[in-house]
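Visitor: I have a model open here and would like to go through it with you. Where shall we start?

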Amino acid sequence: TTDTVLPQRRKRFAGNLKLSYRRPITLLRGYKQFLFDQDGRTYLDGYNNVPHVGHCHPRIVAAAERQNRLLNTNTRYLHPAQVEYADALTSRLPDELSVCFFVNSGSEANELALRLARAHTGAVDTIAMDSGYHGNTNTAIDISPYKFNGPGGRGAPDWVDVVPVADPYRGPYKGSDPEAGRKYADHVRAAVERIQARNRRVAAFICEIFPSVGGQIIPPPDYYRQAYSAIRSVGGVCIADEVQTGLGRIGTHQWGFETQGVVPDIVVLGKPMGNGHPIGAVVTTPAIAASFANGMEFFSTFGGSTLACVIGREVLRVVDEEALQEQALDVGTFMLDGLRELQKEHAVIGDVRGSGLFIGVELIKDHDTLEPAQRQASYIVNRLREHRILIGTDGPLDNVLKIRPPLCFTREDASHLLGRLATVLREEPCRM
Ligand code: PMP
């Protein structure tokens with residue numbers, strides 16, 4: 001029970017491994033968009049994006065079981081599953097992104113992306129977005145300004161230049177400004193100049209196309225086209241971290257970068273690829289991949305294992321055959337419309353934003369100062385849990401409700417979430 005598991009967990013794990021909820025939930029089982037706790041209670045999962053096509057999706061479970069019984073081995077042997085998966089993945093990306101590296105997590109994939117960019121350019125300096133998050137390994141922390149001073153963080157490294165997150169709500173240039181994209185891109189140009197003024201060269205610009213940990217932000221149009229061109233004009237490499245946004249979640253497109261009409265030089269993938277099984281990937285151009293071919297091996301024991309590839313391949317099939325990207329667009333649009341209706345009635349909702357099932361609701365205390373309403377955000381998340389609906393909070397000020405369920409989430413689920421959210425918003429702590 002929670003009463004026995006909780007003290008054991010406190011003893012065996014460091015205190016900075018946080019639990020969702022003040023009163024934790026002990027989960028024992030999941031199925032599609034539902035989670036079941038030890039007392040048989042059912043929760044609607046509006047939060048977990050790792051089970052991309054649904055918790056314990058029967059087809060993914062079956063594929064994993066079949067392969068587990070047959071063979072699991074590393075990439076030093078030939079196996080059709082590895083090339084089939086790499087073919088399927090690259091066929092979903094622009095033609096020039098045709099070479100895959102398989103690893104085990106988003107953090108590893110970002111480390112590798114940066115290493116490739118450095119090998120390709122011979123440079124080290126990197127531009128990253130403030131409140132960007134790219135993982136918890138040493139270099140991934142170094143390019144995650146959000147974590148510079150987090151556990152194991154070493155402050156801002158001297159090879160990283162930080163640019164403001166292109167946030168059309170809270171940032172200096174608002175969505176209503178048609179020049180916002182250019183103005184944010186000017187910060188990237190300025191970062192390039194700072195690096196050059198130090199007599200160094202730019203290796204990479206890395207960002208989540210839609211910053212997620214930063215608060216589910218949708219940058220203004222034309223930002224990336226201009227930012228990428230500033231980077232490429234000095235020989236730098238553009239890395240898109242699609243760990244949160246990739247594989248159809250945003251509904252309108254399969255990848256975040258497509259919304260901005262750019263093609264990155266390196267795409268980083270993680271979380272949703274394996275539906276809960278640890279898989280990460282870097283996909284890049286033959287020219288960048290070739291910069292690694294110096295006679296030494298690049299190898300990851302589990303990366304691209306037979307099991308990982310079979311699971312990853314099945315995830316792609318399920319996304320297509322169940323039309324989950326289309327569902328994400330339909331259900332996400334329905335949810336965003338409903339949230340905007342709630343925004344009209346509740347002053348605490350400052351901004352509703354998102355695309356498909358990548359959704360943020362920013363809560364504020366004051367519409368002029370945008371003073372963040374963290375307490376209300378936490379109240380809502382905890383109250384919804386009592387209604388057996390799981391969502392989270394995020395953003396540097398922890399005042400953004402984060403809604404990013406498995407893609408099998410339905411309109412009925414969205415209606416249910418909206419109805420319960422409306423109830424909670426009427427409660428005293430949410431009134432302004
Ligand atoms: N990039 C982004 C955008 C992420 O959100 C995360 C994880 N939240 C990572 C990278 C790191 O992935 P992992 O935890 O699989 O190492």
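Visitor: How far apart do the C-alpha centres of domain 1 and domain 2 lie?
Guide: The two centres are 25 Å apart. The domain assignment gives domain 1 as 2–53 + 323–430 and domain 2 as 58–321; such bounds come from an automatic or database domain assignment. Please note that this is a predicted model, in which local features need pLDDT of at least 70 and side-chain atom pairs count only at pLDDT 80 or more, while totals for chains, interfaces and linings use all residues. Residues are numbered from 1 along each chain as its sequence is written.

Visitor: And how many residues are in contact between the two domains?
Guide: In domain 1, 29 residues are in contact with 28 residues of domain 2, where contact requires C-beta atoms, placed from the backbone, to lie within 7 Å.

Visitor: Which element gives the most on the side of domain 1?
Guide: Helix 10 does, with 5 residues. Elements are DSSP runs numbered from the N terminus: helices are H or I with at least four residues, and strands are E with at least two. By class, that side of domain 1 has 13 nonpolar, 10 polar and 6 charged residues. Here Ala, Val, Leu, Ile, Met, Phe, Trp, Tyr, Cys and Pro count as nonpolar, Asp, Glu, Lys and Arg as charged, and the others, Gly among them, as polar.

Visitor: Changing topic: in what order do the strands of the open sheet run?
Guide: The order of the 7 strands is 4-10-9-8-7-5-6, with mixed pairing; two strands pair if DSSP finds at least two bridges between them.

Visitor: Why is one side of strand 4 and of strand 6 left without a neighbour in the sheet?
Guide: Strand 4 (99–103) and strand 6 (160–163) stand at the edges, and each has a single partner strand, so one side of each lacks a neighbour.

Visitor: What is the sense of pairing between strand 8 and strand 9?
Guide: Strand 8 (residues 237–241) pairs with strand 9 (residues 266–269) in the parallel sense, over 3 bridges. Within this pair, aspartate 241 stands opposite valine 268.

Visitor: Now the ligand. How many residues surround it?
Guide: The ligand is surrounded by 15 residues, the closest being Ser105, Gly106, Ser107, Gly135 and Val243; a residue counts as near if its C-beta atom, placed from the backbone, lies within 6 Å.

Visitor: Which element supplies the largest share of that shell?
Guide: Helix 4 does, with 3 residues. The shell divides into 3 nonpolar, 9 polar and 3 charged residues.
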